[in-house]
Amino acid sequence: SFTNPTEEGNNSLIVVSNRLPFVLKRGSNGVLQRSHSAGGLVTAVAPVVTKCNGKWIGWPGLFDLGGHEKVPEASDDDKSPTAGLKSNQVIPVNIPENDFEEFYNGFCNGTLWPLFHSFSCKITYDRNSWQTYQKVNDYFAEKTVEALRYQQEVILVDEEIPIVWIHDYQLLLCPARIRELAEDEGLSCKLGFFLHIPFPSYDMLNTLEGSEEILYGMLACDVIGFHIDLYSQNFLESCLRKLGCRVDFDNKTVEIGSRVVRVRTLPIGIPFDKFEECAKNAPKVNGQKDEKDTKLIISVDRVDYTKGLVQKVRAIEKLLEKHRHEYAGKLTFLQIGVPSRTNIKEYQSLHNELSREIGRVNGKFSTADWYPIQFMYKGLPQDELAAYYRDSDVALVTPLVDGMNLVAKEFVACQINNSGALVLSYFAGAAESMKEALMVNPYEVNLLADSLHKALQMSSSECQLRMEKLRARERKFDVHYWMSSFLEEMRFVESIEKPKLPT
Ligand code: G6P
């Protein structure tokens, strides 16, 4: 059984992520408000931070936050997982607008995002944005050390050493900087990192000028987590080949100076119960499943070139070409496309291309009262999304590459009647475990169309058999399990500095 070290009250947890667990918005009266997003990470981790009186450090989502302006307390009707977080537990990192452009649109999403997803043709290499990335990582580290300084005052016994848990590719240099500053000041902490996207091969990483610094940045941690073994192995391989570290591939450890860093494969899950609950309670959408003859295929993605959006539209075209009489007038493909990183050119041109392709395919097959593809360019609230997942016959989850992909998991959590089928890309991290899905290569549009046909024709008994197994696994290995596993790994770590006991 898994227990959280933090829940036992032994350690306090400081989470560091690019975004805070909620966005701050300024109302027309100038008053700040918390605006919620419903990610799985926040659902699992925020209540633990609340409970252990920890802190969450991140970018608040606006530029005009005054130096001494406080994050507001939660409102009385706030029912979100962050409602328990007090104002002083949420530490905003102010990033000046100019820095943000080079940090977020530049190095994070113009360089690291394509590079870590091995999209070599989309990578921009730019020295200025690398320097800004270093600078912004410093901002985060300084805020973290401020929080540690405060925690130090309340540390009484050895077990209470704070755990600092840093997240994702925006903050790869942050651990080294925190370690350096903490060591200078004699502050105790244990450092953990989780990467939510793929870790690339050595060859790919090596194209980056700052790759050595990035590896050292991460190796300042005691535990580094990845979704699947491939990413863990890629990281270990890079430490060996790029830095010449002593690496144990079987035990997944890297020696650096006198320290041993543990690399762990810990696939993230979703808040399964929450999605299931939503699916049980949400009203029907469009009455799709009531009409026996109609079929609904659903996809939900950020509009991102890693997601294979255009290939999916072409697969629908192929499906209709091959089986026009069977599906014309009866099939809807609903693509929910969440706007993302819209100031970056690559994302703008993808959105244009996608809209064009959807228009072309709809024009080709539409009749007076039917067209095959619906495109919603927006995010949906969780209960509405759950209803769509529940009432769809097929989920088409076919990224060209994806660290994990939580949509596949959310879909199965919402299939409370075990009646739908999941078509899943080999190249999503989720494919490592979700073996009962229909697996496809998303680049092979013809085969994608065939898989869709197979999924649409699957007998209800086969759907049920597959879905029951998929659901049981995701129920067990949910996001709470993932978090507990990570914190359990952190428990055995020696801290940077032994705390000074009060005399
Ligand atoms: C991916 C990344 C996250 C990121 C999210 C949304 O899932 O792993 O770190 O927050 O995309 O992207 P955004 O750029 O809007 O934060």
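Predicted model: local features only at pLDDT ≥ 70, side-chain atom pairs only at ≥ 80, totals over all residues.
For the residue classes used here, Ala, Val, Leu, Ile, Met, Phe, Trp, Tyr, Cys and Pro count as nonpolar, Asp, Glu, Lys and Arg as charged, and the others, Gly among them, as polar.

**Ligand surroundings**

- The residues that surround the ligand are Arg19, Asp168, His196, Ile197, Ser340 and Arg341.
- Sorted by class, this shell around the ligand holds three charged residues, two polar ones and one nonpolar one.

**Asp248 in strand E9**

- Strand E9 covers residues 246–248, and Asp248 lies in this strand.
- Asp248 counts as exposed because it has 12 C-beta neighbours inside 10 Å, and a residue is exposed if that number is 12 or fewer.
- Between Asp248 and Leu236, which are twelve residues apart in sequence, the C-alpha to C-alpha separation in space is 8.2 Å.

**Helices H9 and H14**

- Helix H9 (residues 309–322) and helix H14 (residues 445–457) have axes that come within 8 Å of each other and cross at roughly 65 degrees, so H9 is roughly perpendicular to H14.
- The crossing in which H9 passes H14 is right-handed.
- On the H9 side the contact is made by Gln311, Arg314, Ala315, Lys318, Leu319 and Lys322, while H14 contributes Val445, Asn446, Leu448, Ala449, Leu452 and His453.
- By class, the contact of H9 with H14 comprises six nonpolar residues, together with three polar and three charged ones.

Key
Residues numbered from 1 in each chain as written. Near = placed C-beta within 6 Å. Helix = DSSP H or I, 4+ residues; strand = E, 2+ residues; numbered from the N terminus. Buried ≥ 20, exposed ≤ 12 C-beta atoms within 10 Å, placed from the backbone. Axes fitted to C-alpha atoms, helices over the stretch in contact; angles between N-to-C directions. Parallel < 35°, antiparallel > 145°, perpendicular 65-115°, else oblique. Left-handed = near helix turned anticlockwise from the far one by under 90°. Contact = placed C-beta atoms within 7 Å.
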